Amino acid sequence: MKLQTKQMLMAAIFAAIIAICAQIAIPLPFTQVQFSMCVLAVFLCGGVLGIKYGCISVLVYLLLGACGMPVFGKFMGGLGALFGPTGGYMVAYPLMVITIGLCGKLSKKNGFTAYFLGMLASLIICYLFGSAWLAISAHMTFGAAVMAGVVPFVVFDIIKAALAAYLCVVLKRRLKL
């Protein structure tokens, strides 16, 4: 399959958007996980670009970070960041994109509701992977990891999902993707 120039450019732009959103973060004093806008960018990747190009975008972001480029939160890069406490959340990004893309494909209209539900389902995947890895890397129980890495973020992530679903509808119409 040949990549189209417009889709390749959009995948590159969204990889950069994820990297920028990773830097928009607020460290929380009670957990090793910080509040960031990364999830919003991943939601947009899945909704706007779909499965194939969304995954390319997210994988480019993860590979750049794994190679040492400072694209992860706090301008970190390298495998140490991926194997750190928040690595499980990042590893879930491709699965999030696939989930959102599938929900977008299943919806006949690609409307707000389909995107929003896909984003909520993808958020569950992110929380499961992230909490499991947080529990392992921080030597805590899964329940403690959920309390540290999920509970403080649920409301904000649902708001991000609603905003991203709205933006996906608008962007898909305007970009003619």
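Biologist: Hi! At what angle do helix 6 and helix 7 cross, and how far apart are their axes?

Modeller: Hello! The axes of helix 6 (residues 112-137) and helix 7 (residues 142-149) cross at roughly 120° and come within 8 Å. The axes are lines fitted to C-alpha atoms, for helices over the stretch in contact, with angles from 0 to 180 degrees between N-to-C directions. Helices here are DSSP runs of H or I with at least four residues, strands are runs of E with at least two, and both are numbered from the N terminus. This is a predicted model, where local features need pLDDT of at least 70 and side-chain atom pairs count only at pLDDT 80 or more, while totals for chains, interfaces and linings use all residues. Residues are numbered from 1 along each chain as its sequence is written, and side-chain values use heavy atoms, with hydrogens and water left out.

Biologist: Which residues make the contact between them?

Modeller: On helix 6 they are Leu128, Ser131, Ala132, Leu134 and Ala135, and on helix 7 they are Phe142, Ala145, Val146, Ala148 and Gly149. Contact means heavy atoms within 4.5 Å. Sorted by class, the contact of helix 6 with helix 7 has eight nonpolar residues, two polar and no charged. For the classes, Ala, Val, Leu, Ile, Met, Phe, Trp, Tyr, Cys and Pro count as nonpolar, Asp, Glu, Lys and Arg as charged, and the others, Gly among them, as polar.

Biologist: What about the loop between helix 6 and helix 7, where histidine 139 lies?

Modeller: Histidine 139 lies in that loop and has a positive phi of about 55°, although it is not a glycine. Histidine 139 counts as exposed at 73% relative accessibility. Buried means under 20% relative accessible area, exposed over 50%, and partly exposed in between, using a 1.4 Å probe and protein chains only.

Biologist: And what is the phi of phenylalanine 75?

Modeller: Phenylalanine 75 has a positive phi of about 55° too, and is not a glycine. Phenylalanine 75 sits in the loop between helix 2 and helix 3 (79-82), and its relative accessible area of 60% makes it exposed.

Biologist: Back to packing. How do helix 2 and helix 5 pack?

Modeller: Helix 2 (residues 38-66) and helix 5 (residues 93-106) pack at about 110°, with axes 8 Å apart. That makes helix 2 roughly perpendicular to helix 5. The residues of their contact divide into 18 nonpolar, five polar and one charged.

Biologist: Serine 57 is in helix 2. Is serine 57 buried or exposed?

Modeller: Serine 57 counts as buried, at 0% relative accessibility. Leaving aside neighbours within four places in sequence, serine 57 is in contact with Ala11, Phe14, Ala15, Ile18, Cys45 and Leu49.

Biologist: Which residues does aspartate 157 touch?

Modeller: Not counting residues up to four places away in sequence, aspartate 157 touches Phe43, Leu123 and Tyr127. Aspartate 157 is found in helix 8 (residues 154-175) and counts as buried at 5% relative accessibility.

Biologist: New topic: how many disulfides are there in the whole structure?

Modeller: A search of the whole structure finds zero, where a disulfide is a pair of cysteine sulfur atoms within 2.5 Å. For cysteine 38, the nearest cysteine sulfur is that of cysteine 21, 6.8 Å away. Cysteine 38 is buried, at 3% relative accessibility.

Biologist: And how far is the nearest cysteine sulfur from cysteine 168?

Modeller: It is 9.3 Å away and belongs to cysteine 45. Cysteine 168 is buried, with a relative accessible area of 0%.

Biologist: Last one: where does isoleucine 24 lie?

Modeller: Isoleucine 24 lies in the loop between helix 1 (5-23) and strand 1 (25-26). Isoleucine 24 is partly exposed, with a relative accessible area of 46%. Isoleucine 24 and phenylalanine 72 are 48 residues apart in sequence and 10 Å apart in space, C-alpha to C-alpha. Leaving aside neighbours within four places in sequence, isoleucine 24 is in contact with Phe35, Ser36 and Met37.

Notes:
Parallel < 35°, antiparallel > 145°, perpendicular 65-115°, else oblique.
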